[in-house]
Each structure stands twice: as C-alpha cells, then as structure tokens.
Amino acid sequence: MHTGGRWRMALRVLTVLLVTPSLLSPLVTEAANRSLPVQNLQTWKGFVAAKAERSMTVLDGSSTIQVMVTQKTEVAGQRNSFAGIAVDDVVRVEGSMTADRHLQANHIEVLLAADGMGMAQRARTGTVNRLLSVILNHGITVPIR
C-alpha cells in the first residue's frame with residue numbers, strides 16, 4: 001500500500017509537470033514577443049534661458065537643451081502651469097531624449113521662480129552664481145539679509 005501511494009504521488013507530479021508548460025506557454029510567448037520601448041529618461045536642472053509657446057531652452061552650465069512640452073507634461077513647484085514659467089526660473093526637467101536631441105518633458109518642477117527675487121538680489125547673485133549654487137549644492141541657496 002505504501003508503494004501505491006508513491007505511484008499516485010508520482011503520477012500527480014508528472015501530470016503537473018506536463019500540464020503546467022502548456023498553460024504557461026502562451027504567456028511566455030506573449031512576453032517574449034512584446035517589444036518594450038527603450039527608456040532614455042534624463043533629468044536636467046538649470047535656468048530657463050528662452051521660452052516659446054510649447055518649448056523652452058534650459059541652460060545648464062555651458063550647455064543648453066531644448067525642452068518640448070506636450071499636453072501630458074506635468075508642472076509642479078513654484079509654478080502650476082507651463083504658461084506660468086518665466087525666463088530665469090530655475091527648473092528640473094525629467095523626460096525622454098528624442099532623435100533630434102530635444103528633451104520631451106514628462107515632468108517640470110520649478111525650483112525657484114525668478115519673480116520672487118528682487119532686483120538687488122539678482123544683481124548680487126547673478127545667473128552664473130545661482131547656477132553654480134544649484135550644481136554644487138544639489139539644490140537652491142538664497143541669501144537672507
């Protein structure tokens with residue numbers, strides 16, 4: 001009787017081993033044939049140097065990137081819409097690089113709004129000094145007087 005139990009168990013295991021691949025085969029084939037898009041997500045942080053209706057140029061040190069905006073682009077931080085973003089705002093842009101080397105923005109965060117700074121502060125800090133502060137400190141520092 002003991003050996004009969006082993007045979008029944010072996011038969012159950014064999015059945016599971018034979019049936020399981022046929023059940024999983026369509027799922028495995030579908031997953032193998034599915035082409036996943038290559039994610040080339042990038043993040044840029046810098047100053048808005050120029051702005052148009054659906055794009056802006058972001059200055060990061062000595063390099064610039066053209067940022068393209070779509071209806072799906074989210075804007076957060078100091079501004080709540082792309083229309084509200086102004087030249088000299090400090091932004092962090094996350095998106096995908098296109099074939100023509102433009103950044104398709106998924107998310108734009110306005111870290112520092114330019115209109116929040118008085119003219120005296122702009123003269124003391126200057127665009128280059130503010131940019132260096134962003135790069136070196138991984139954030140924003142504003143002098144308090």
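Guide: A search of the whole structure finds zero aromatic pairs.

Visitor: What makes K51 a charge over the ring of F82?

Guide: The rule asks for NZ of Lys or CZ of Arg within 6 Å of the ring centre and within 35 degrees of the ring normal. K51 lies over the face of F82, at 4.7 Å from the ring centre.

Visitor: Why is T57 called buried?

Guide: Buried means under 20% relative accessible area, exposed over 50%, partly exposed in between (1.4 Å probe, protein chains only). T57 has 17%, so it is buried. T57 belongs to strand 2; strands (E, at least two residues) are DSSP runs numbered from the N terminus, as are helices (H or I, at least four). Beyond its neighbours within four places in sequence, T57 is in contact (heavy atoms within 4.5 Å) with F47, V48, A49, A50, T64, I65 and Q66.

Visitor: Which residues touch the most other members of the largest nonpolar core?

Guide: They are M56, V67, I85, V91, V93 and I108, out of 17 residues. Strand 1 (41-51), strand 2 (55-60), strand 3 (63-68), strand 5 and strand 6 each give two or more residues to this core, and strand 6 has the largest share, four residues. Such a core is a set of buried Ala, Val, Leu, Ile, Met, Phe, Trp, Tyr and Cys residues joined through side-chain atoms within 4.5 Å.

Visitor: How do you know that R79 and D89 form a salt bridge?

Guide: A salt bridge needs a side-chain nitrogen of Lys or Arg within 4 Å of a carboxyl oxygen of Asp or Glu. The closest N and O atoms of R79 and D89 are 2.9 Å apart. Both R79 and D89 are buried.

Visitor: What makes E109 and R92 a salt bridge?

Guide: Their N to O distance is 2.6 Å. E109 is in strand 6 and R92 in strand 5, 17 residues apart. E109 is partly exposed because its relative accessibility is 25%, and R92 is partly exposed because its value is 26%. The whole structure has two salt bridges.

Visitor: Why is R101 called exposed?

Guide: Its relative accessibility is 57%, so R101 counts as exposed. R101 is in the loop between strand 5 and strand 6 (103-112), and its phi is near 65 degrees, a positive value in a residue other than glycine. Most residues other than glycine have a negative phi. D88 also has a positive phi, about 80 degrees, and is not a glycine. With a relative accessible area of 22%, D88 is partly exposed.

Visitor: Where does pLDDT stay under 50?

Guide: Over residues 118-125, where the model has 13 contacts beyond four places in sequence. pLDDT is the predictor's confidence in each residue, from 0 to 100. Where it is low, the predicted coordinates should not be read in detail. The chain mean is 77, and 60% of the residues reach 70 or more.

Key
Residues numbered from 1 in each chain as written. Heavy atoms only, no water. Phe/Tyr/Trp six-rings, centres within 6.5 Å; stacked < 30°, edge-to-face > 60°.
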